[in-house]
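Q: I have a model open beside its sequence, and I would like to learn how to read its features one at a time. Could we go through them together?

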Amino acid sequence: MARTACSSCLRTPLPGPATGCRRQGFSLIELLITLAVVAVLAGVVVPVAQTAVQRAKEQDLRIALRELRGAIDRYKKAGDEGRIRKATTDSGYPATLQVLLEGEDDLRDPKRRKIYFLRRIPRDPMHPDSRVAPADTWAKRSYASEPDNPREGDDVYDVYSQSKGIGLNGVPYRQW
């Protein structure tokens, strides 16, 4: 008796009492092992991706702080050089971050053109609410306040993040 090929897989049936072709597929064990491997890989990839996102936000924070602090320092220097108007009782630092954006008249320029210190106020990337104005995402320290207990005041001596989070380097964002 000649055996004919199975119509579903075109293979010759195995000898023995079973006359049908055995269907090929994955067993339950194979599926469970595959799912376990995928779960382990996902467990490794997710924390790495989260760390990469946090690292990118921290880099944005460093850049924003450097930009703002540089503009504050340029404003102070312009005041010390007599290029912008400064009261004798004034610390020489800008009253608000908006002043850095709007600029001040250059007293040394015959045409009184403005000196601009910032093109835009960067947003604190650690601030959770994107609807808040960029200038309001930063905590500000006045020249008159203590470094250990920074407070806002009549001027902006420094800026720092309001975030209570801790960086990958172990330093709280507020101390950057």
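Q: Which residues form one aromatic cluster?
A: This is a predicted model, and what follows should be read with that in mind. The cluster is made of Tyr93, Tyr143 and Tyr157.

Q: How should I read the pairs within such a cluster?
A: A pair of aromatic rings is described by the distance of the centres and the angle of the planes. Five aromatic pairs are found in a search of the whole structure. In one of them, Tyr93 and Tyr143 have ring centres 5.5 Å apart and planes at 25°, so this pair is stacked. Because Tyr93 lies in the loop between H1 and H2, and Tyr143 in the loop between strand S3 (138-141) and strand S4 (158-161), the pair ties together parts that are 50 residues apart in sequence. Tyr93 and Tyr157, by contrast, form an edge-to-face pair, at 5.0 Å centre to centre with 85° between the planes. This second pair also links distant parts of the chain, with Tyr157 in the loop between S3 and S4, 64 residues apart from Tyr93.

Q: Is Tyr93 buried or exposed, and what about Tyr143 and Tyr157?
A: Tyr93 counts as buried, at 11% relative accessibility, whereas Tyr143 is partly exposed with a relative accessible area of 47%, and Tyr157 is partly exposed at 29%.

Q: Which residues have the most contacts inside the largest nonpolar core?
A: In soluble globular proteins, nonpolar side chains tend to be buried together. Here the largest nonpolar core has 24 residues, and those with the most contacts inside it are Leu97, Leu100, Phe117, Trp138 and Val159. Two elements give two or more residues to this core, helix H1 (28-80) and helix H2 (97-102), and H1 gives the most, with eight residues. If you select Leu100 and leave aside its neighbours within four places in sequence, you will find it in contact with Ala71, Ile72, Tyr75, Pro94, Tyr116, Phe117 and Leu118.

Q: How do S3 and S4 pair, and over how many bridges?
A: They pair in the antiparallel sense over four bridges, and Arg141 stands opposite Asp158 in S4. Along S4, the side chains of Asp158 and Tyr160 point one way, those of Val159 and Ser161 point the other way, and all of these residues are buried.

Q: What does the side chain of Ser161 make a polar contact with?
A: Ser161, which belongs to strand S4, has a relative accessible area of 0% and is therefore buried. Its side chain makes a polar contact with the side chain of Asp124 at 2.8 Å, and it also reaches the backbone nitrogen of Ser163 at 3.2 Å.

Q: How many salt bridges does the structure hold?
A: Side chains of opposite charge can pair when their charged atoms come close. The structure holds seven salt bridges. In one of these, Asp80 meets Lys76 at 3.1 Å, N to O; because the two are four residues apart in helix H1, they are separated by about one helical turn. Asp80 is partly exposed at 47%, while Lys76 is buried at 19%. Another salt bridge joins Asp106 and Arg83 at 2.8 Å, N to O. This pair links distant parts of the chain, 23 residues apart, with Asp106 in the loop between strand S1 (104-105) and strand S2 (114-115) and Arg83 in the loop between H1 and H2. Salt bridges that share partners also join Lys76, Asp80 and Lys86 into one network.

Terms used
Residues are numbered from 1 along each chain as its sequence is written. This is a predicted model: local features need pLDDT of at least 70, side-chain atom pairs count only at pLDDT 80 or more; totals for chains, interfaces and linings use all residues. Side-chain values use heavy atoms; hydrogens and water are left out. A nonpolar core is a set of buried Ala, Val, Leu, Ile, Met, Phe, Trp, Tyr and Cys residues joined through side-chain atoms within 4.5 Å. Buried means under 20% relative accessible area, exposed over 50%, partly exposed in between (1.4 Å probe, protein chains only). Contact means heavy atoms within 4.5 Å. Rings of Phe, Tyr and Trp (its six-membered ring) pair if their centres lie within 6.5 Å; planes under 30 degrees apart count as stacked, over 60 as edge-to-face and the rest as tilted. Two strands pair if DSSP finds at least two bridges between them. A polar contact is a pair of N or O atoms within 3.5 Å; within protein, one must be able to donate a hydrogen and the other to accept it, and residues adjacent in sequence count only if both atoms are side-chain atoms. A salt bridge is a side-chain nitrogen of Lys or Arg within 4 Å of a carboxyl oxygen of Asp or Glu.
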